[in-house]
Structures are given as C-alpha cells and as structure tokens.
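Please read them with the coordinates open.

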Amino acid sequence: MTATTVPRKVDKAAPTVISDRSVAENRLGQKLVAPALIMMVLVTAYPMLQALYLSLFRYRLTTPNDKGFIGVDNYVTILTDSLFWKDTLNTVIIMVVTVAIELVIGFAFAMVMHRIIFARGVMRTAILIPYGIITVVSAFAWQFTFSINNGWVNSWFDWVPGISASTNWYGDHWHAMFAIMVSEIWKTTPFMALLLLAGLSQVSEDMLEAAKVDGATASQRLFKVILPNMRAAIMVAVLFRALDAFRIFDNIFIMTRGAQNTESSSFLTYRQAIEQFQLGMGSALSVLLFLTVLLLAWLIVKFFRVDLAQARGEG
Amino acid sequence: MRKSGVGTYVGFLVILVWCLLPVAWIVSLSFKSLAETTTGSPHFLPQDATWDNYKVLLGMTSDKSTSHDFIAALRNSFGISIVATVLAVIIATLAAYAIARLEFKGKRLVLSLALAIAMFPVVSLVGPLFDMWRTFHLFNTWPGLIIPYMTFTLPLAIWTLSAFFREIPWEMEQAAQVDGATSWQAFRKVIVPLAAPGVFTAAILTFFFAWNEFVLAISLTSTTSSRTVPAQMSYFVGPDPFNPPYSQLATASVIVTIPVIVIVLLFQRRIVAGLTSGAVKG
C-alpha cells in the first residue's frame, strides 16, 4: 500500500504537472478494471435499483395484469406484519449467538494451531474441511445427527438433562433453532479460527515474554496483551462472520424449511419473491434486507472504532 | 519459543473430532442400506454395510431415474463452477494488477464496490434477477448461474489477487529486460511464475464459492438441465416427504464432498494464505 500512495502525494503537491506517462497509466488502469466494474454494476447495482423500483408496485407474476403503482404500501404491509419482525428477531438471535460462540471456540482453535509444533498439515487439512464443505451437505449431516429415528445425539447425550431417546429436535422452536445454530457454528468456526490465527501470529512474542517477566498472569497476558493487539483481526472476523450469519438461508431451508418459526429474513424474502411470485412485496423485502445489512455493517464498524478510541484514551 | 503442552495435545484432538466427526457420520450413513435408515437406525455405524447407495446414485443398477438426475446435477455443478471460476479469475487478475501496480482514478470506487458486494445479501437480488433472467431468456440456463457466480466471487478474487500482486518483486521484470529478455519473455519467464500461486489460490476460493452456492441455484433454475448438486439435493426427497432417503442423501453428500477434500489435501497451505490475505494487513 505504501508504494502506491507515494505517487499520489506527489501529485497533490504539484497538481499542474501531469505527465504523459501518468495519463497513460490512468487510462490503462481504468481499462483493466473496466470488465470487473461493469460486471459488478450490471449484476448487483442495476438489479438493486430494479428492486427499489418494483418494490413500489403491486406485482405478482401469477396475476401480471394487476400490476400497479402503490407507493410505499408494500413497506407499510411488511413493517406492520408481525411475521417480518419475528423473522428479523430469529435472524438477529442466530447471528449474535453463533458469532459469539464462534469467536470463543475459534479463538481457542487459533491458540491450539498457533502453539502446535507437530502435525500442522493434518490440522490445517482438518480445519479446512468444514470450511470447504457445501453448506447444504453440512445441513443434511446435522439434520440427520439430530433426527429422532436416525440420529446419534439422543443416544449419545441422553445423560444430559432434557435429552432422551424421544427428544424431537424439530418439534419446537428452541430445539430447532439449536440444531440450526450447531450446523452454522460447525461449518464457519474454522474460517473464524483462521482469521484469528492470522491476527495471533502478529502479536509479538517479545511483548508476551516481557509481560511474563514483569509478572503478568496468564489471564492478564491474554486480556491485556494478546487480545488488544489482535483487535484489527477480531474486527475483520466479526464483521465478515456477522454479515454472513445474517444472510443465513441454506441451513434453515434444508433443516426445517422455516417450520417451528425458524424462518430467517433471507428465507422470508426468498419465499415471497420465488415461491409465491410476489415480486413487488419480495422486492420491498430485498430493499429492507439490504438496508439492514448496511446498518449492521455500520454499527459493527462504529462499535469497534469507539472501542478503539476508548482503549487509546485509557492507554 | 513455542511449546506443545498437554493442553495443545488435547486441543489438537478436540479440533480433529470437531472437524471430522460429521464427515465420518455422513460416510457411515452412506453405507447404511435404504431399508435400515427408513425404519430408523440410531447406531453411528452401519449394521450391515453396503455399496448399494453408491451404485444407485452412479447409475450402476437397472433403475436409472435417481442416477440420471444426480449425474446431470454433478455435470451442471462442475461445468458452471469451472466456467465461472475461469472467467472470474481472468477478470479479477486484470483488475487486481491495475489496483496493485497502477495509479488511476476510480481505484477507490472499484475497491469499495467490491467490499460492498462481498457483504451483500445475495438473496435480495434473487427477485429482480429472477424477473430479469426471464426477460433475457437466461432463466434455467448455465449462463444464468455463471454470470451471478462470477460477479459475486470477483470481490474475493480481486482482494486475494491484489494482496498477492503487491508482494511480487516487479523490479525483476525490468532486470530481466536489462539482461536482454524481450518484454514478452520477461513477462512469461519472470512474472507469470511469480503470480501463478496467487492466481491459483484465487481460483480455488472462487471454485469453492460456486460449488457451494445454493440460494441462486434454487431460484434461477427449474429443471435438471441447469440445476446444480446443492439445489438438486434439496429437491431429492424421495417418495415419502416425511421420511427422506437419508442414506442416499448422505451418499450424494459424500460424492460432492470428495472434490472439496481432494482440493483441500493438495492445496491446504495456499487456501489458508488466500483466506487470510488482506484480513490482517487491511
């Protein structure tokens, strides 16, 4: 990054001098990014604007002649419907719980991978398998794991209070949510662990050694030295995973199809737009989902920045 | 400085069990007979292991109805993923080269757009794309999935590749030219070998995305002429929707996981480097 920012500073200092070379460089640069830019705009920005436009219409594919402009009525319908809020709440619960648990387990995994001096290849291979496996496959594997007839959870964990041979994991809301979250956590913890491992290897061993010599306990070293120095890596990991978890769809589609009130925001949007051909209503849901994700990204970035500023103030 | 204490050994075992137990479970389930899982079998291992499910899915029995759909889906998955990967990597390589090496107006725009798309909820495009694809006759075709797949993998590919390209000692290109190489020779003999690992890593990550994708796959397809394996599996419920063919689904799961495991075994070091590039340096 430093190498590329230096010329820009020079340009700013002498804005009148623009050489032929930099004009040519500018033109080549723009030509090279053009295909990528065009693709990204055509396939995401344009349909998003299309969604914004369609969301203002009563438009159902089964009755195309009934299409008509209705202003923000779709948004009013959605925002006053308890189903929308229930699904949003489900999504938020799944996001918060899975990211929190993944952060803890992922950090523990990262610590192990950081310290291990044997079988590093085996470990890396093992950890990449859940990452690489298809989410639908993970969903099936866990659906069968919790199955009342074919699963092993009920027989292996019958000593846990509340679990017996007849526990039906898809029979009520919280059991089903639990099963969905287990699949999500299993599949994505490795990604979290790898990002945290990269952050962990940036923490200087000398600093840890110095803290040890100064008499810091293991937990002091963790909370006062390791974690503060990994804040950037933790932020990236949380941001990516939280936004990813908020889009949860595959696991729910396979494991419950939204039964027992386990529907997520993405699932609701899909169901309206594709299964029920409600393109107007579905588009309004798309817009709301997009805005929610933006808000979420902004909140996470802001939260961590505030945290950073506070830490700096304290230090 | 590092040492492996008892905790590390325990942690190692925990991670192995965590990662491999569900995989072992679907492998075990795939060897159970359909009859065993239909009546219910709470055992982890098959009571009477059989290759029947593999034979049925791969078309080695007289009844070809199941294998026909599954093999078509496999062909779609491979074809769509590979084409999307190749195209995405070519476009991303051009863009990443420009971002890493050149100074031009609009660089910030490309990078922020890429970041925005990386965080984008794919499902919010499903409705409008469904509508547009019907108009353009792209619904239920290979290009109908290839186009969005390559677009959604561009951010990751551009990100990974520009991180790799920044590390390349580009002066070597000039050094080779000073030593008498033509610019083509300098590019081919010096730059390509240095850039290849990065390009390859981006290709693996892109392939994983396309191989895994589900939302678009079920929304933008309607028949086995373009349905990919994840979408096909979600419709593969068998004659009784309340009692899906567990062992056959597990078998399909194992078959589609094999390419993933092969890639992971061969290229684990590169995948880790690709996943974490840019995450730390920002």
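1. A crossing of two helices is called left-handed if the near helix is turned anticlockwise from the far one by less than a right angle, and right-handed if clockwise. Helices here are DSSP runs of H or I with at least four residues, strands are runs of E with at least two, and both are numbered from the N terminus. By that convention H4(B) passes H7(B) in a right-handed crossing.

2. This is a predicted model, in which local features need pLDDT of at least 70 and side-chain atom pairs count only at pLDDT 80 or more, while totals for chains, interfaces and linings use all residues. Residues are numbered from 1 along each chain as its sequence is written, and chains are lettered from A and ligands numbered from 1 in the order in which they are written.

3. To return to the helix pair, the axes of helix H4 (residues 65-101) of chain B and helix H7 (residues 142-167) of chain B come within 6 Å and cross at roughly 35°, where axes are lines fitted to C-alpha atoms, for helices over the stretch in contact, and angles run from 0 to 180 degrees between N-to-C directions. The residues of this contact between H4(B) and H7(B) divide into 23 nonpolar, four polar and two charged, with Ala, Val, Leu, Ile, Met, Phe, Trp, Tyr, Cys and Pro counted as nonpolar, Asp, Glu, Lys and Arg as charged, and the others, Gly among them, as polar.

4. Chain B as a whole has twelve helices and zero strands, and its C-alpha atoms fill a box of roughly 75 × 65 × 35 Å along the principal axes. Of its 282 residues, 46% count as buried, a residue being buried if 20 or more other C-beta atoms lie within 10 Å of its own, exposed if 12 or fewer, and partly exposed in between, with C-beta atoms placed from the backbone.

5. Between the chains, 84 residues of chain B are in contact with 85 residues of chain A, contact meaning that the C-beta atoms, placed from the backbone, lie within 7 Å. Helix H12 (residues 246-276) of chain B gives the largest share of the side of chain B that touches chain A, namely 16 residues. That side of chain B divides into 61 nonpolar, 18 polar and five charged residues.

6. Chain A contains 14 helices and two strands. Its radius of gyration, 25 Å, is well over the 20 Å that the globule rule gives for 315 residues, so chain A is more spread out than a compact globule; the radius is taken over C-alpha atoms, and the rule is 2.2 Å times the number of residues to the power 0.38. Buried residues make up 39% of chain A.

7. Chain A is divided into domain 1 (2-54) and domain 2 (74-314), with bounds that come from an automatic or database domain assignment. The C-alpha centres of the two domains lie 35 Å apart, and four residues of domain 1 of chain A are in contact with six residues of domain 2 of chain A.

8. Helix H13 (residues 265-275) of chain A is mostly covered, with nine of its eleven residues buried, among them A:Phe267, A:Leu268 and A:Tyr270. By contrast, A:Gly121, placed in helix H5 (residues 120-132) of chain A, counts as exposed because it has 11 C-beta neighbours inside 10 Å.

Terms used
Contact = placed C-beta atoms within 7 Å.
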